[in-house]
Amino acid sequence: MKTTIKLFSSSKFSHSTPSPLGKVGMGLLLFIAALSSCKKDDTNNTQGAYETGVFITNEGPFGSGTGTVSFYNRTSGAVRNNIFEVANNRPLGNVVQSIEVFNSKAYIVVNNAAKVEVVNVADFVSTGTIDNVGTPRFFMGVDEHKGYLTDWNSGIKVINLDNNTVSSTIATGGSGAEQMALIGSEVFVANLGGFGNDSTVSSISTTSDALTATVFVGHRPQALSVDANGKLWILCSGIQDWTVPANDTPGKLVRLNPTTKTVELTLDFGSSSDHPMSLITNEAKTKLYYSLNGGVYEVDVNATSLPSSDVVNRSFYSIGIDPVSGYLFGSNALDYVQDGYVARYNLSNGSVVDSLHVGVIPGNYSFN
Amino acid sequence: MSGLSKISLSFVSTFCSFCVSFGRLFLVVAVCIVCACHAFAQKLNPDSVYKLPEVNIPENRLNDFGMGLSISKIDRKKIDASHLLNLSEVISENSSIFLKTYGQGSLATIAIRGTGPAHTGLFWNGININPPNLGLSDFALIPAALINTAEIQLGSSASLYGSGVIGGAVHLNSKPEFKRVTDISVTGMAGSFGLYEGSGYGIFSNAKWYSRVAAYYRQCENNFPFINKGKSGSPEEKLVSADYFSYGGTAEVHRLFKNNFIVSLHLWHTYTHRNLPPAMTSSDNGEQQSDSSFRFLLEAKKMFAKSTLKTKVAWLNEHQRYDNETISLHEKLNTQGVISEAEYATQLFGKAKLNIGINYTFYSADVKEYQKNQTRNQGAAFLSFLYPFTKINWKATINLRQELVEGYAIPFTPSLGMEGKVWKFISARANISRSYRVPTMNERFWQPGGNPDLKPESGWNAEAGLFSSSADGTKLFTPSFSVTGFSSLINNWIMWQPLSASPNIWTPVNLQKVWARGLEANVGLTYKKNTIESGINAFYSYTLSTIVETAVSLENSVGKQLIYVPQHNVNAVFSFRWKSISFSYRQAYTGERFTTSDNNQSLPGYTIGNIVLNYDLKLNKMGIGFGFRINNIWNTSYQTLAYRPMPGRNFSVSLVFKCSGVNVFKCSRARVLK
């Protein structure tokens with residue numbers, strides 16, 4: 001029986017902040033890193049090695065395995081795999097869902113282990129674990145002391161970043177809370193439906209942690225992006241009902257005015273078998289990209305219709321855009337029981353630049 | 001010293017808990033049995049055992065026509081003496097076969113000769129009991145208490161038994177003996193981590209009737225401590241949510257009529273409820289599963305002077321329930337099978353034998369994801385021919401089988417096998433055969449992903465080997481050995497792969513070609529003198545099972561070993577018996593297993609030791625046995641599957657009451673004599 005539910009995750013830019021560590025702190029960390037790494041690999045000088053570059057999370061083999069994090073160094077072009085275990089001498093956990101860098105910490109969401117691992121971005125050494133967080137999906141830093149974590153079971157868990165504990169839970173007015181986007185003092189959250197179906201986006205005040213609105217957008221809202229005009233774009237995948245195919249609905253790309261909380265534009269996909277996934281933007285936030293039926297499509301934020309042809313004719317497990325190079329990162333999980341790879345694409349001509357050997361089932365990115 | 005005292009201390013505490021919590025119930029049962037035995041023994045004089053001429057009950061196809069195949073038999077006596085819990089443990093203790101297990105009592109699947117779990121047939125009196133939705137069985141769900149004899153056949157016998165017998169087959173058989181016997185055995189077992197099992201069987205037979213009943217109940221807390229390598233600082237933790245309970249029974253009745261006509265009825269029911277523990281890298285999801293099996297088989301055999309006609313019809317029902325509260329997943333799977341078979345065997349010229357038969361099978365599966373109740377009809381015709389070259393002491397067989405399955409083109413399946421004497425006590429054997437596997441109903445119908453365009457997997461298998469013929473048993477030392485080389489090529493091997501257009505949907509495809517080859521060796525030496533019997537027996541297998549062809553994008557898997565197939569597996573047993581005391585020590589080694597298809601990650605090999613001590617006290621026709629078992633005596637910390645904890649050193653004690661040789665069917669005997 002195949003009970004593993006495969007979930008698609010999309011990426012977004014991380015809020016990257018320079019390391020606040022002073023010289024003393026750096027020296028201390030270097031000393032600790034030297035101690036902890038002497039057993040493993042003496043050539044790995046990890047201190048500061050991860051501050052600038054790309055983190056790629058690898059979900060890991062289903063069932064019994066552990067996920068990993070890979071690091072891509074833009075300058076050298078080298079990939080370092082399994083950096084969490086190397087730094088902490090223990091596996092990360094089962095099904096690594098996503099990674100978010102906030103305030104010089106990386107928050108790694110480990111879905112099936114119901115936890116978030118917190119590490120220093122500089123050396124990936126663990127600084128804490130947020131345990132018992134249900135079915136966690138995505139983390140977002142709100143302010144220095146507070147973060148939000150979506151959980152399919154309960155909504156949004158408010159995380160106290162000072163002691164890495166859950167301080168409260170916000171019911172999002174929907175089910176299966178997935179991706180979030182911060183606009184001003186409000187966080188918008190996609191109510192995907194989890195293992196069922198939902199069709200709403202909710203907004204939450206980051207000052208009061210209270211639900212401010214719930215808006216109908218379309219079936220299975222899965223990914224969110226904010227454009228250069230400050231508008232919220234929502235990609236709805238549509239319903240895929242395998243037991244009753246007649247219930248299938250096509251996906252939608254929806255634009256929401258975050259101030260009035262009204263839907264301004266709905267772009268419908270044509271066929272009930274069109275179930276788009278992932279929604280990312282370029283660095284200028286003038287273009288949106290999504291995956292559909294074996295291709296990656298580009299939409300201008302001022303467009304009023306969906307494109308008919310793709311910009312990269314390949315299927316990816318997960319996509320991301322590197323704001324530094326502007327390249328599309330597209331991952332391939334191969335047979336899901338071996339190391340996958342991430343191919344980098346030049347979006348101006350759709351050609352492959354190179355490919356990176358990463359871990360098992362590469363699923364999420366953080367560009368720093 | 002401290003290790004030893006630890007052992008004895010744990011033993012004492014285990015034994016005490018056994019006495020306190022289990023003793024009372026057990027005592028009641030035992031007293032009843034002893035009283036009953038005593039009463040029968042008084043009524044009858046066991047010396048006056050009345051013998052009718054024995055009927056020659058025909059063997060099954062495997063033993064008659066499986067020439068050149070490697071078959072080993074595990075009988076009830078061996079199972080009784082080993083105090084094991086389920087078929088998975090029985091097989092791994094008596095062979096060098098690797099079973100992939102999620103932990104004690106948890107899902108255990110078999111992989112023989114470098115093939116997959118769906119490539120081994122599990123047969124119950126000749127009926128394939130692998131359910132049609134999965135095409136494979138969980139060997140932890142077959143309790144040792146209900147097994148009469150188990151035969152392990154390595155390599156393909158698809159020409160005899162059809163789909164899915166590529167790597168090998170396990171046959172659970174029972175064979176009636178129409179002679180006056182009463183044999184009752186009741187066992188109580190208690191072990192570490194809250195293990196309690198009560199089981200028993202009884203054989204009641206005479207010249208006309210043979211009946212055997214067996215039943216068991218088991219529960220286990222399964223909360224063993226382990227080092228959690230998935231957590232910071234590798235703390236010692238107790239396994240949670242791994243408890244289970246299980247019960248069941250079998251019954252069979254055979255009636256021999258005057259004109260050599262036998263009618264047999266077999267019933268099987270088992271139920272197991274398990275909580276599914278998390279891996280070290282996961283949190284507890286509150287997963288639970290229950291499995292229930294009903295099996296019914298009616299057989300009729302008519303033996304003529306030189307031929308036999310056999311017919312059978314079986315009804316199989318498997319019901320599985322899976323619940324995962326965390327992700328609100330609730331599954332109910334229900335499958336049925338009706339299997340009917342008729343075969344006619346006859347002797348031809350010069351002791352040649354011919355067997356022809358037909359099979360009709362109907363499967364039905366009620367699985368939500370199939371969108372509707374799905375069914376499958378299949379039929380087969382088969383022929384076997386055995387020719388003995390009596391002058392040179394060789395036998396050769398040809399087996400042919402053609403199966404017809406709704407929706408699939410099944411390859412014609414022949415095999416050729418031979419075996420015979422080559423020099424003194426050394427014999428040789430060889431077999432070449434074709435094999436195939438029809439896609440399971442999940443592979444065909446599961447939505448999303450089910451693929452109606454799948455082709456059956458098909459392959460060719462060849463093996464050859466040398467083995468020692470059975471010794472006369474009069475010598476002090478008796479050596480034995482067998483060595484086999486094998487090679488199998490399996491085409492169209494089905495793998496679930498993500499659809500390229502939408503990678504969150506998986507679909508089974510005829511993806512790869514696999515070449516499995518290797519070597520199996522078995523050496524043994526027994527010593528027998530007066531009241532002393534001692535022996536060593538070692539199994540070794542070397543298995544290379546590599547991907548020859550696969551999808552272009554998976555080039556990193558080409559030439560690599562299949563995941564979870566150890567290259568080396570060793571199992572060595574030393575046993576010693578003096579009068580009524582017996583002792584055995586077993587050491588097993590399982591080699592490195594790759595966990596990714598590019599062979600970039602692996603689990604280290606491990607070695608485990610077990611001890612079994614038995615003391616049997618015979619009192620006239622009654623017997624009391626005391627068994628003591630230590631598993632994992634060196635307290636090895638190991639993983640069979642990545643991040644699935646396995647128990648360290650643990651114990652079990654068993655108390656057995658037996659009575660045998662007396663006849664309870666006094667009335668029927670009187671009628672016979674009339």
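Q: Which residue stands opposite B:Gly623 in strand 33 of chain B?
A: That's B:Lys658. This is a predicted model, where local features need pLDDT of at least 70, side-chain atom pairs count only at pLDDT 80 or more, and totals for chains, interfaces and linings use all residues. Residues are numbered from 1 along each chain as its sequence is written, with chains lettered from A and ligands numbered from 1 in the order in which they are written.

Q: How many bridges join strand 32 to strand 33 of chain B?
A: 10, and the two strands run antiparallel. Strands (E, at least two residues) are DSSP runs, like helices (H or I, at least four), numbered from the N terminus. Two strands pair if DSSP finds at least two bridges between them.

Q: And what about strand 31 and strand 32 of chain B, parallel or antiparallel?
A: Antiparallel, with nine bridges joining residues 606–619 to residues 622–631. B:Leu617 faces B:Ile624 across that pairing.

Q: What do strand 31 and strand 32 of chain B form?
A: A hairpin with two residues between the strands; B:Asn620 in the turn has a positive phi of about 55°.

Q: New topic: where is A:Asn132?
A: In the loop between strand 7 and strand 8 of chain A. A:Asn132 isn't a glycine, yet has a positive phi of about 55°.

Q: Is A:Asn132 buried or exposed?
A: Exposed, because 11 other C-beta atoms lie within 10 Å. The cut-offs are 20 or more for buried, 12 or fewer for exposed and partly exposed in between, with C-beta atoms placed from the backbone.

Q: And B:Asn222, buried or exposed?
A: Buried, with 24 other C-beta atoms within 10 Å.
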